[in-house]
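Here is my notebook on this structure, kept as I looked things up one by one.

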Amino acid sequence: MMEQYKGVQLGELSPHVFAVADASYRAMLNDSMSQSILVSGESGAGKTETTKLIMRYLTYVGGRAVLDDRSVEQQVLESNPLLEAFGNAKTVRNDNSSRFGKFVEIQFDKSGRISGAAIRTYLLERSRVVQITDPERNFHCFYQLCASGKDAELYKLGHASTFHYLNQSKTYELEGINNEDEYWKTKRAMDIVGISRSDQDAIFRTLAAILHLGNIEFSPGKDSDSSKIKDSTSNFHLQMTATLLMCDPDLLVSSLCTRSIHTNEGIIIKELDCAAAAANRDALSKTIYARLFDWLVENINKSIGQDVDSKAQIGVLDIYGFESFKHNSFEQFCINFANEKLQQHFNEHVFKMEQEEYKSEKINWSYIEFIDNQDMLDLIEKHQCTDDV
Ligand SMILES: Nc1ncnc2c1ncn2[C@@H]1O[C@H](COP(=O)(O)OP(=O)(O)OP(=O)(O)O)[C@@H](O)[C@H]1O
Ligand SMILES: [Mg+2]
């Protein structure tokens, strides 16, 4: 199919994702101008798969055909399974739903060969790390690690069902997918992308620490509104977390069960009750995971390498879907807002500007009706004048 679509004018053959990819590649070469492709559609529609096909096509026309695992092209392609292991999860609609937005910029040199790439991610769904509902799952990497055999033993991990962050939903397996095989695929992708063995250990150690951290429970302490580590099981998970994160266990307990407030007179230490300590624990888990994800993206970028002299680039945006749940969190609000902004961009270019041009050139044209979401955007982002309130 790639061969068929190569160099053929858009519209000559049946519609195909390769036709769009080819058109953008030709436009970049002929006009020496960067291009971008926005892939949209509801959850499960096939955005991520389409993005991968576009990347595959661009590496086909712009690659050097070196049969080396560590070529820029191969690294760009292998960054997909790696990011999916850490940023995708099973949802009601899609077993491999992206829970983050991704913009991949493929850089080309003067002759149209791939010379570098950069991946930018946004709005990772952090809340999923600590809270899931049946039949959804947490991020794939946790189940992969729990099923990894010897490596799981190393971090004293049992079956996924023994961890609070994973057993809130009773779904552990995906149809047609073996968690252990996926673990080795993720490790292989890490090798290709250039993440060293010691960094790989550090990544999985951090994941294991998050699972142990989630199993720490609290019971009421001596004073009212105070809390302590519940029992010996929780204490085991606390010790494991501290060992894996290489921090002092006592310090970890005090960071979980107390809060320090900075005042003019100095620092006041306030005890936290069980619910607040658990919220504190979850906040720590989310932050560690989000930082791990950012670190991963940063390292993939460093390893693939940027071409600062690149003449033109093709960017592919795999957006992160709009959703409306029974309870929409602030996180979902931000995601939906980002999508509304993209919709406005689309309205602006496809409807507003295009129709203005028709009007100015006095072309006979019947207006296309579309829903303009500008009012909604104004409500959220426009500075309100408070004088008359
Ligand atoms: N071109 C394709 N060929 C075969 N299967 C496909 C194709 N596109 C999508 N699918 C199937 O649909 C599933 C969902 O696709 P994908 O993950 O790309 O959706 P998405 O639009 O990215 O969804 P989300 O917004 O949840 O991330 C894939 O796991 C695959 O099984
Ligand atoms: Mg997706």
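**The loop with Asp 225**

I started with Asp 225, which I found in the loop between strand 6 and strand 7 (227-229). Asp 225 has phi near 65°, a positive value in a residue other than glycine. My scale here calls a residue buried under 20% relative accessible area, exposed over 50%, and partly exposed in between (1.4 Å probe, protein chains only).

A note on the ground rules: this is a predicted model, in which local features need pLDDT of at least 70 and side-chain atom pairs count only at pLDDT 80 or more, while totals for chains, interfaces and linings use all residues. Residues are numbered from 1 along each chain as its sequence is written, chains are lettered from A and ligands numbered from 1 in the order in which they are written, and side-chain values use heavy atoms, with hydrogens and water left out.

**Ser 219**

I moved on to Ser 219, which is in strand 6 (residues 218-220). Ser 219 has a relative accessible area of 14%, so I logged Ser 219 as buried. What does Ser 219 contact, leaving aside neighbours within four places in sequence? I listed Ser 226, Ser 227, Lys 228, Ile 229, Lys 230 and Cys 274, where contact means heavy atoms within 4.5 Å.

**Other backbone spots**

I looked up Lys 156 as well, and its phi is near 55°, a positive value in a residue other than glycine. Lys 156 lies in the loop between helix 6 (150-154) and helix 7 (164-167). I also noted a cis peptide bond from Asp 134 to Pro 135, with omega near 0°. Pro 135 belongs to the loop between strand 5 (114-122) and helix 5 (140-146).

**Aromatic rings**

Next I turned to the rings. I paired rings of Phe, Tyr and Trp (its six-membered ring) if their centres lie within 6.5 Å, calling planes under 30 degrees apart stacked, over 60 edge-to-face and the rest tilted. By this rule I get twelve aromatic pairs. In one of them, the ring centres of Phe 18 and Tyr 57 are 5.2 Å apart and the planes are at 25°, so this pair is stacked. Phe 18 is in helix 2 (residues 17-31) and Tyr 57 in helix 3 (residues 47-62), so the pair ties together parts that are 39 residues apart in sequence. Phe 18 is buried at 7% relative accessibility, and Tyr 57 is buried at 0%.

I compared this with Tyr 183 and Trp 184, whose ring centres are 5.0 Å apart with planes at 80°, so I wrote down edge-to-face. Tyr 183 is buried at 0% relative accessibility, whereas Trp 184 is partly exposed at 42%.

Phe 18 and Tyr 57 form one aromatic cluster with Tyr 60. Tyr 60 also has the charged end of Lys 6 over its ring, 5.4 Å from the centre. I count a charge as over a ring if NZ of Lys or CZ of Arg is within 6 Å of the ring centre and within 35 degrees of the ring normal. Arg 137 lies over the face of Tyr 143, at 3.9 Å from the ring centre.

**Asp 191**

I found Asp 191 in helix 8 (residues 179-193). Asp 191 is partly exposed, with a relative accessible area of 29%. Not counting residues up to four places away in sequence, Asp 191 touches Arg 70, Arg 197 and Gln 200. Asp 191 and Gly 87 are 104 residues apart in sequence and 18 Å apart in space, C-alpha to C-alpha.

**The whole chain**

I ended with totals. The protein chain has 14 helices and ten strands. Buried residues make up 44% of its 389 residues. The C-alpha atoms fill a box of roughly 80 × 65 × 45 Å, taken along the principal axes.

Note on methods. Helix = DSSP H or I, 4+ residues; strand = E, 2+ residues; numbered from the N terminus.
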